[in-house]
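Subject: Handover of a structure

Dear colleague,

Please find below the structure that I am handing over to you.

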Amino acid sequence: MFKGKGKERAVTNMGNIWVQPIRWFWYPYLAFGRVTVLHGVSGSGKSMLAAYLAAACTNRKCFGGMEELEPGNVLYLTADDALSDLLYPRLTEAGADLDRVYAIHDLISITLGDNSIEQLLDTHKIRLLIIDPIQEYLEYDVYSGYPELVYPVICKLEKMAKEHECAVLLTAYSDGPNGEKASVWQSEFAEKISSVLALDLPEGRTGKRRLLQEKSILAAEGKPVVFSLRKEKMEENTQPDGKDLFVDMQKIIGCLFMSDMRDKKRQVWEELKRFPLEEYDRKQQEDFSVYVFGVNYDTVQEVLGSSSGR
């Protein structure tokens, strides 16, 4: 114990620390005992993806390389969607075991003095807590623009996640991947939010959505995942011969994290001029172009072609 001017500080020998392995709901996107944010513009499919995750938790409906989970219970807080008209059809379509889903449809704000959610987590042995959308439960009209007022509530949710060993998924309105309004989830809450996911709408893919991991503090960021709003199947960015455009370019550029490529666009662009893009399937080409440059692959091809012709 270190003492100084009447104050004491506890000192811990790191050799005595017991490291508890991270338990994953869906590696590396969603972990048990942690808070994950899923954001996107209105109509991007946040609630449908939440329903798919509820199905994975309750009924072994796995996707996107997810390992099968032992069935568990879900607590779903929804402020926007009526239970019978919207939430029930989504859960049914996703294949969730409805007997394992406990839903709340209200607009009662989450406050530091309210312990009702903790009680429900304990009573129903919840493994996945979904709050959809989090802004409606944070008195967002009051807190908008003041993340420091939201921080204590996020801390409360993270504490609940750890104490009850459940995964917490917060959906959030935003202006899309890399948007100005979305950046608050990556920067303002530090380690309290372990993963930030964004939904994008790929051009020319009716009914398809692209999931991007913008932040991960527990593992290397996951690859983009494309899924359909009306099918259980989700697709990883893979092709039959195992070639992966994201991984290969990440190695060439020397990035520790996949998202670093977006900060090194010029270097990536110079590599693309001599890179064998034709060896990768169209889906990877499209996803890579949008993820790194924010434009579709046709635009990248057009500019590359004009550059080579000079």
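Leaving aside its neighbours within four places in sequence, which residues is I130 in contact with? They are A50, A54, V74, L75, Y76, L77 and L169. Please bear in mind throughout that the model is predicted.

Overall make-up

The protein chain has 310 residues, and buried residues make up 49% of them. Eleven helices and 13 strands are found in the chain. Among its contacts between residues at least 6 apart in sequence, 67% join residues at least 24 apart.

The nonpolar cores

The largest nonpolar core holds 36 residues. I130 is one of the members that touch the most other members, together with F25, W26, L53, M66, L128 and L211. Several elements each supply at least two residues of this core: helix 1 (46-59) and helix 2 (83-94), along with strand 3 (24-26), strand 6 (73-78), strand 8 (126-132), strand 9 (167-173), strand 10 (195-200) and strand 12 (225-228). Helix 1 gives the most, with ten residues. Another core, of 28 residues, lies apart from this one, and its members include L77, A79, I131 and I154.

I126 in strand 8

Strand 8 also contains I126. Is I126 buried or exposed? Its relative accessible area is 3%, which is under the 20% limit, so I126 is buried. Leaving aside neighbours within four places in sequence, I126 is in contact with N73, V74, L75, Y102, L120, L121, H164 and C166. For one of these residues, N73, the C-alpha atom is separated from that of I126 by 4.8 Å, although the two residues are 53 apart along the chain.

Helix 7 (residues 245-253) packs with helix 10 (residues 282-293) at an angle of about 50°, and their axes are 10 Å apart. Helix 7 is therefore oblique to helix 10. On the side of helix 7, the residues that meet the other helix are L245, F246 and M249. Their counterparts in helix 10 are Q284, Q285, D287, F288 and Y291.

K243 is found in the loop between strand 13 (234-236) and helix 7. With a relative accessible area of 25%, K243 is partly exposed. Leaving aside neighbours within four places in sequence, K243 is in contact with D248, E279, Y280 and Q284. K243 and E279 are 36 residues apart along the chain, and their C-alpha atoms are separated by 8.2 Å.

Aromatic rings

How many aromatic pairs does the count come to? The count comes to six, for rings whose centres lie within 6.5 Å. In the case of F275 and Y280, the ring centres are 5.7 Å apart and the planes are at 15°, so this pair is stacked. Both residues of the pair count as buried: F275 has 12% relative accessibility, and Y280 has 6%. Y280 has already been named above, as one of the residues in contact with K243.

A further ring, that of F32, has R23 lying over its face, at 4.6 Å from the ring centre.

With kind regards

Key: Residues are numbered from 1 along each chain as its sequence is written. This is a predicted model: local features need pLDDT of at least 70, side-chain atom pairs count only at pLDDT 80 or more; totals for chains, interfaces and linings use all residues. Side-chain values use heavy atoms; hydrogens and water are left out. Rings of Phe, Tyr and Trp (its six-membered ring) pair if their centres lie within 6.5 Å; planes under 30 degrees apart count as stacked, over 60 as edge-to-face and the rest as tilted. Buried means under 20% relative accessible area, exposed over 50%, partly exposed in between (1.4 Å probe, protein chains only). A charge sits over a ring if NZ of Lys or CZ of Arg is within 6 Å of the ring centre and within 35 degrees of the ring normal. A nonpolar core is a set of buried Ala, Val, Leu, Ile, Met, Phe, Trp, Tyr and Cys residues joined through side-chain atoms within 4.5 Å. Helices (H or I, at least four residues) and strands (E, at least two) are DSSP runs, numbered from the N terminus. Contact means heavy atoms within 4.5 Å. Axes are lines fitted to C-alpha atoms, for helices over the stretch in contact, and angles run from 0 to 180 degrees between N-to-C directions. Angles under 35 degrees count as roughly parallel, over 145 as roughly antiparallel, 65 to 115 as roughly perpendicular and the rest as oblique.
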